[in-house]
Amino acid sequence: MSATALEVPPHEIVVIKPYIRSPDNWKELREQCYSVRIDVFHHEQGFPIEDEIDNLEDVATHFLLRLTSGSDAGKPVGTIRYTKQTSPSTRETYYKLSRFAVLKDYRNYRFGVGLVNALHDYIRTDARKSRNEGSANGNNAPGDQDGFVRVVCHSQIYIKGFYEKIGYEPEGTQVYISRLRSPSGLLTPLEFILYSVRQITPAHVCYSLLCLLFRQFVLLRREACNSSTSEKRASH
Ligand SMILES: CC(C)(COP(=O)(O)OP(=O)(O)OC[C@H]1O[C@@H](n2cnc3c(N)ncnc32)[C@H](O)[C@@H]1OP(=O)(O)O)[C@@H](O)C(=O)NCCC(=O)NCCS
C-alpha cells in the first residue's frame, strides 16, 4: 500500500490494560503489538530481537492500531505503550512512552499521531483518577499543583522532528517531554461514563447476566408456588 494514497485505511485503536482488567484476548492483542514492534525495530532497524520484549510488558498499558475493513481487516499496523514511573530522586510520578512503531507501509497516514493522542487521552484520565484516589489515601499522585503531568520519551535522533511536531520538548539529549494538562477534581459526566465503560470486562457482563437469570428463576418459582397454593385453596 502506498503511503501517499489519499484515503486513510479504516482503523481502530484498542487499549490493552495490564493485569486482570485486560480483556480476555489480551494475550493475543499483546502478541499483535509485539509483531508490529518486531517488524519495525528488529527487521527494519536491526535491533536484537531478544531485547524487544522486556520486563515492563505486564505493567504497561499498550495501544494497538489495527485495520478494520477489506482483506486486511484485523491487521495490526501500529502500537505504543506507557508505564507509570516514579523518579527515585524527586519522587515525582510521571508517564513514560515507549515502543512506538507504525509499519513502514502504513506511515504518513497520521496513525502515529492517532496513537499518541489516544495515549494522551488515557493518561489524562488516569492521572486525574490517581490524583483523586491519591489525595484520598495520601499516595504520591502524578502531576504538579497546577494539574500538569509529565510524559517522557527517549527518542531516536531521526524521529525528534516528529515529537517536536506533536508538542514534545527536548530535555537533555534524546529525551523529550510533554506536559499534559489534567486538572484534579471530579471527572466530567462524559469522562465518568467513558471511564466506567472502559472498566467493564466480559467477567462483569457474565456475572450480571447470571444475577439476572437467578433473579428471574427465583421470581418464576415464587409465582409457581403462589399459583399452586391458590389452586389448592380453590379446590378446597
Ligand atoms: C515514528 C512513527 C511511529 C510515526 O508514524 P506515522 O504514522 O508515520 O506518523 P504520522 O503520519 O502520524 O506523522 C505525523 C506528522 O509527523 C511527521 N513525521 C513522521 N515521521 C517523522 C520523522 N521521522 N521526522 C519528522 N517528522 C515526522 C509526518 O510527516 C506528519 O507531519 P504533518 O503533520 O506535517 O503531516 C513511524 O515513523 C515509525 O514507526 N518509525 C520507526 C519506529 C521509530 O523510530 N519509533 C520511535 C521510537 S523513539
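**Entry 1, helix H1.** I began with the buried residues of H1 and found that they pack against strand S1 (11-16), strand S2 (61-67), strand S3 (76-86) and S4. I take packing here through contacts, where two residues are in contact if their C-beta atoms, placed from the backbone, lie within 7 Å. The model is a predicted one, in which local features need pLDDT of at least 70 and side-chain atom pairs count only at pLDDT 80 or more, while totals for chains, interfaces and linings use all residues. Residues are numbered from 1 along each chain as its sequence is written.

I then noted which residues of H1 are buried, and these are Leu29, Arg30, Gln32, Cys33, Val36, Arg37 and Val40. A residue counts as buried if 20 or more other C-beta atoms lie within 10 Å of its own, as exposed if 12 or fewer do, and as partly exposed in between, with C-beta atoms placed from the backbone. As a reminder to myself, an α-helix has 3.6 residues a turn, so residues three or four places apart point the same way.

H1 covers residues 26-44, 19 residues in total, and spans 26 Å from its first C-alpha to its last, close to the 27 Å expected at 1.5 Å a residue; the expected span is 1.5 Å times one less than the number of residues. I also recorded a bend of about 30° at Ile38, the bend being the angle between axes fitted to the seven residues ending there and the seven starting there. After H1 comes Gly46, which has a positive phi near 80°.

I counted five helices and seven strands in the protein chain, taking as helices the DSSP runs of H or I with at least four residues and as strands the runs of E with at least two, numbered from the N terminus. Read from the N terminus on, the elements follow the order β-α-β-β-β-α-β-α-β-β-α-α. The protein chain has 236 residues, of which 22% count as buried. Of its contacts between residues at least 6 apart in sequence, 61% join residues at least 24 apart.

In what order do the seven strands of the open sheet stand? I read the order as S1-S2-S3-S4-S5-S7-S6, with mixed pairing, and S1 and S6 are the edge strands, each pairing on one side only. Two strands pair if DSSP finds at least two bridges between them.

S4 and S5 run parallel and are joined by three bridges; here I found Tyr95 opposite Val151 in S5, and Lys96 with Val152 as its bridge partner. S5 (residues 148-154) and S7 (residues 175-181) run antiparallel with seven bridges between them, and in S7 Phe148 has Arg181 as its partner, while Val149 has Leu180. S6 (residues 169-170) also pairs with S7 in the antiparallel sense, over two bridges, with Pro170 opposite Tyr176. Four residues lie between the strands in this hairpin of S6 and S7, where Gly172 takes a positive phi near 75°.

I looked next at the loop between S4 and H2, where Asn108 lies. Asn108 has a positive phi of about 70° although it is not a glycine. Is Asn108 buried or exposed? Asn108 counts as exposed because 12 other C-beta atoms lie within 10 Å. Arg110 lies in the loop between S4 and H2 and has a positive phi of about 70°, again without being a glycine; it is exposed, with 11 C-beta neighbours inside 10 Å.

In the loop between H2 and S5 I found Pro142, which is buried because 24 other C-beta atoms lie within 10 Å. Setting aside neighbours within four places in sequence, Pro142 has contacts that include Thr93, Tyr95, Ala127 and Val149. The C-alpha atoms of Pro142 and Gln85 are 9.2 Å apart, although 57 residues separate the two along the chain.

Which residues are closest to the ligand? They are Arg107, Gly112, Val113, Gly161 and Phe162, out of 18 residues that surround the ligand, a residue being near if its C-beta atom, placed from the backbone, lies within 6 Å. S4 (93-102), H2 (111-137) and H3 (160-165) each supply at least two residues of this shell. By class, I recorded 10 nonpolar, five polar and three charged residues in the shell, with Ala, Val, Leu, Ile, Met, Phe, Trp, Tyr, Cys and Pro counted as nonpolar, Asp, Glu, Lys and Arg as charged, and the others, Gly among them, as polar.
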